[in-house]
Amino acid sequence: MKITGFICWCGLALTIIIGSLIPVQAVEQVPSILSDKVQHFIGYAVLSIAAVSAGRAWQQKGMMIFLSFLMGIAIEFIQPMTGRYFETGDIIANSVGLVAGVLIFFLSSSALDHWARKA
């Protein structure tokens, strides 16, 4: 496990957990130009980039992505206890964000490798 990537993942995961579980009244007071689902998508895309960066082997990368996926589901089940709502759409946005982040990571890594070989 790469410690820097793991620390980044932990920090992002903690930020998402706190942001997802604060009472809805506090969230309504914060203006946002992005829709709720776009926020979920972006948050989990960035989280998955950190997750893939944290692992050295494919098994570690997969485990970090799976933990991110489980975290997103767990948050949705916990939210009703904090005055917020369970939304299947949030789980879908989280999952699509995770996949997009992995694709972005590997496509950008491939492009960087290609450019490095040409230089």
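User: Which residues of H4 are buried?

Analyst: The model is a predicted one. In it, the buried residues of H4 are Lys61, Met64, Ile65, Ser68, Met71, Gly72, Ile75 and Glu76.

User: How do you know that they are on the same side of H4?

Analyst: Around the helix axis they cover an arc of only 135°, so they fall on the same side of H4. The arc is taken from the directions that lead from the axis to the C-beta atoms.

User: What does the face of H4 turned away from its buried side carry?

Analyst: That face carries the exposed residues Gln59 and Phe77.

User: What should the 21 residues of H4 span, and how far apart are its end C-alpha atoms?

Analyst: The expected span is 1.5 Å times one less than the number of residues. For the 21 residues of H4 this gives 30 Å, and the end C-alpha atoms are 30 Å apart, so the two values agree.

User: Why does Asp90 count as buried?

Analyst: Buried means under 20% relative accessible area. Asp90 has 3% relative accessibility, and therefore counts as buried. Asp90 lies in helix H5, which covers residues 88-118.

User: Which residues is Asp90 in contact with, leaving aside its neighbours within four places in sequence?

Analyst: Asp90 is in contact with Asp36, Lys37, His40, Glu76 and Gln79. Glu76 is also one of the buried residues of H4.

User: Which residues of the largest nonpolar core touch the most other members?

Analyst: This core has 15 residues, and Trp9, Ile16, Tyr44, Leu47 and Met71 touch the most other members. At least two residues each come from helix H1 (3-21), helix H3 (36-54), helix H4 (58-78) and H5. H3 gives the most, with six residues. In soluble globular proteins, nonpolar side chains tend to be buried together.

User: What is Ile16 in contact with, leaving aside its neighbours within four places in sequence?

Analyst: The contacts of Ile16 are Gly43, Tyr44, Leu47, Met71 and Ile75. Contact here requires heavy atoms within 4.5 Å.

User: How many helices and strands are in the protein chain?

Analyst: The chain has five helices and zero strands. Read from the N terminus, the order of elements is α-α-α-α-α.

User: What share of the residues in the protein chain is buried?

Analyst: Of the 119 residues, 29% are buried. The accessible surface of the chain comes to about 7,500 Å², and carbon and sulfur atoms hold 74% of that surface.

Technical notes: Residues numbered from 1 in each chain as written. Predicted model: local features only at pLDDT ≥ 70, side-chain atom pairs only at ≥ 80, totals over all residues. Heavy atoms only, no water. Helix = DSSP H or I, 4+ residues; strand = E, 2+ residues; numbered from the N terminus. Buried < 20%, exposed > 50% of the residue type's maximum accessible area, 1.4 Å probe, protein only. Core = buried A, V, L, I, M, F, W, Y, C linked by side-chain atoms within 4.5 Å. Areas by Shrake-Rupley, 256 points an atom, 1.4 Å probe, with all protein chains shown as cover.
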